[in-house]
Every structure is written in C-alpha cells, then in structure tokens.
Amino acid sequence: MEAFILTGTFGVVCRNSLYLTELAKRGLKILLITQARWRDEAFARMAEPGHPASMIHEIGFIDGGVSEEGSYNAGVVALGQLWREKYEIAGVLAVGETLVEPTGILADALGMPSPGLRATRVCRSKYLQRFYLPEFSPLSIVLPAGERDTLHAEDVRFPAVVKPASRHSSSGVEMVDDWDELHKQLRTYPEHETVLVEAKVVGQEFSVESLVQHGKAIFTSVTRKETTDSHARTFVELSHSVPSDRLDVQDALLDANQKMLDKLGFENGIAHAEWRVDADGKPFLMEVAARTPGDGIMVLYGLATGAAAEPEITKIALGEDASYPTPARHARQIYLEHELGTLADVVIEWDGIEPHWLGEDGLWPEIQPGAQDDPPTLRALLVLKGKGTTLTELSASEDRAVTFLIDAPTVKELDELEHRVREAITIKVEK
C-alpha cells in the first residue's frame, strides 16, 4: 500500500490543503505526523465530511517543544520505523516549521527526495545558520543554556536584536538599545533555551522563495516585506509584496541566495530565506527555512503567476519533474494593526466583499487567481480572531487579527488599491 508522510502542526497542514488534495488525487494514503496536543481536534476533523483532514488516512502523534532542540526527533523516527513496515513510502514532506529537522532524518533514512540532512538541520537552527553561513550573517553571539552570564557589554553592538534560536513566527524576537535592556530581555527566556544576540541590520526586509530540484533552483523569486520594527521593538510581518518592486537590489539578493543554497547543499524542496539589505546594498541573512513559507505568501504567488506552487512542491517530493511560471501580476498581503481592547467587529465598504471570519479551525477560503489582465482586485478580507477576543500588541505573528489580499497589473495600481482598501476597513474595538 503506497503512502506519503506529511509532517507539521495539524492546523498548518489543513490550511495548506492543496498538498492533501494532490496526494489524494494520486491515490496515495496520507500519513500525518503532528504534535500530541492536536489529538482530539484531529480525530474530530478527520470524521467531518468535506474537511481537508478527512483525506488523511492515519495520524501519528508526538511530544516535544520548539524551545528544546531535537525533542521531536525520537517520536518521528519511531513512527517512521512503524510505517515503513506497514506501507510502501513514496515521499516525505515537512509542511510547517516545527518538524523540519526530523523530517529530514526520515527522508534520508527512507531514501526519499528532501532538502538534505545538512539543509534540514541548519535551517531549523538560527545559531547553526550563523555558523555555516558567516559571510551572510550580522555580528552574532550565541548564548547556550546556562552561559548567559558570559556575555560582556563590549561584545555587543547596539541596537541589538535578541532572538531564541529554535522558535518561529517572530516569537521572542526583540530589539534592545543598551546593556540594561538586553539583560532584562534575556531574563524573559527559559533557562534551557539557546539565545542569539545580534547587531541589528537596518534596511528593507525581503524573503526569497526557491523551488529546488536535484540541487538546481528551478524557480526563484523575491518577496518584499514590511515589519513592525519600523516603529516598534518587535519584528512581526505586516506585508508581503510579490514579486518585489525593489529591482535595484534584486541581483544581489538572488546571488546571495544561490550561494546560500549551495553552501547548505540544498537538494530538493522549497526554501524560504529572509534577508535584509543595508544602506550599502549588502544582503544579510536573517534566517532560512526548508519548508513552505507562512502567512499568505503561497496564495500571493498563486495570484501573481496564475498557478499554485503546492502541486510542484509535491512533484519534487515525489521525484517527478517540476516547473513553475514567472509572476505576471503583482500581489500583496497586508496585516492591519489594531487598537488594544476587545474585538467587536470588522466591517468593509466594498462591493462584493465581506469579511471572512476564519473560525476555530483557522481554514482559509479558497482564493482563486484572476486573469492576467484583470483590473486591480481585492481578493479577500480575512479576520483571524473571533469576536470577543482580546487584541494585544503585536509581539508575534499570532497576535495579528485582520488581513487582506490584493493583486493588480502594475505596482502603481497595487499601491493605489492598497490605500483604498485600508480606507474602506474598520476594526471595531471595545476598550
């Protein structure tokens, strides 16, 4: 019986349901490895007709935590041992961030296409990225668990960025201006957690999405980003623009990104690398992931190219020939900042568009691309939190509440559309 192993947080896998659809179309039994905290919801959703989880054949649950390195590895390997005796495994793919490293081990042992052991290990650790890729790194100091008192003021260049080495979604990442602020921030992390202290790179942020097959990038594109660090101490992403309109730095970014992929020995899969470019035009790597990018970046590439990327990523994982078109339109996702208080409502004055409240399962609606010559279009307005939720400051991606996605033939039209959509939305908050 042929089967395919997906790994990742249950909610993330269901939200990226095109992977499930592609595998089900091939008649493959879908096996999922996810965290044990999802057990009850996963079984309930699997029994729900029409839910993406209903396509899953079997789920294996594991224990662990993102702040404890390697804590998921044994559980994933144990399931791999069990399933390779029970099924004929056709492929393995990490959909979310948390299980990238053990998925790489699984794929290597089973002889399946994957980014490779080096890439999957290094991409899951911020301090290993600094060690393997020093030419692209800002001044960076690694503080292993129990060694935070070894740091000296003269070693740090301020303003500095403090970041936990194994988390994701901007969790725990803060800017500090001086020694006292640095010490205060370090006390917020558990003692067992490895932390990085880095010189802040001032400049525009980007990501580079790369589809790689047999060690060769078959598609690479730059996404321009905006984050909260322009006016706050955090680094929560507020917008993604596909493709980037900063052509002046594109060649430098693509060149650095390819050199990074080569040094990691990246073999098969998708790489999502986040970069900043300083005033001199030099790219600095913030971090790189060996999995599907988060937020709505995959949807944006679908809007910009007219084709979903998930089928091609699935082909790569199965060892089939893959390709992906060049963007023909410009697309953007905006996360709106909000006042603090209780979310009462979200309203929009826009013909044909109503807010889509995601609900408890967090599933996005299907957002289909239009034609290449479509006028500037608002595709969706999504509310990520439920009514009555307490809205807090944006310290991590999970704190965002409202987002919209747009696309247009030109950057100028996209900018104008963004302004009009912002004016049309009201987030009602009760103090």
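Visitor: Why is Cys123 called buried?

Guide: Cys123 has a relative accessible area of 3%. Buried means under 20% relative accessible area, partly exposed lies in between, and exposed is over 50%, with a 1.4 Å probe and protein chains only. Cys123 is therefore buried. The model is a predicted one, in which local features need pLDDT of at least 70 and side-chain atom pairs count only at pLDDT 80 or more, while totals for chains, interfaces and linings use all residues. Residues are numbered from 1 along each chain as its sequence is written, and side-chain values use heavy atoms, with hydrogens and water left out.

Visitor: What makes Cys14 buried?

Guide: Its relative accessible area is 3%, so Cys14 is buried.

Visitor: How many disulfides are there?

Guide: The count is 0 disulfides, a disulfide being a pair of cysteine sulfur atoms within 2.5 Å.

Visitor: Why are α4 and α5 called roughly parallel?

Guide: The axes of helix α4 (residues 73–86) and helix α5 (residues 100–110) cross at roughly 30° and come within 9 Å. Axes are lines fitted to C-alpha atoms, for helices over the stretch in contact, and angles run from 0 to 180 degrees between N-to-C directions. Angles under 35 degrees count as roughly parallel, over 145 as roughly antiparallel, 65 to 115 as roughly perpendicular and the rest as oblique. The two helices, α4 and α5, are therefore roughly parallel to each other.

Visitor: Which residues make the contact between α4 and α5?

Guide: On α4 they are Asn73, Val76, Val77, Gly80 and Arg84, and on α5 Glu101, Pro102, Ile105, Leu106 and Leu110. Contact means heavy atoms within 4.5 Å.

Visitor: What is the strand order of the parallel open sheet of 4 strands?

Guide: The order is β3-β2-β1-β4. Because β3 (58–62) and β4 (88–94) each have a single partner strand, they stand at the edges, and one side of each is left without a neighbour in the sheet. Helix α4 packs on this sheet, touching β1, β2, β3 and β4, and its direction makes about 155° with that of β3.

Visitor: How do you know that β1 and β2 pair?

Guide: Two strands pair if DSSP finds at least two bridges between them. Strand β1 (residues 2–7) and strand β2 (residues 29–35) run parallel and are joined by 5 bridges. Ala3 stands opposite Lys29 in β2.

Visitor: What makes β15 and β20 a pair?

Guide: Strand β15 (residues 341–348) pairs with β20 over 6 bridges, in the antiparallel sense. In β20, Thr426 is the bridge partner of Val347.
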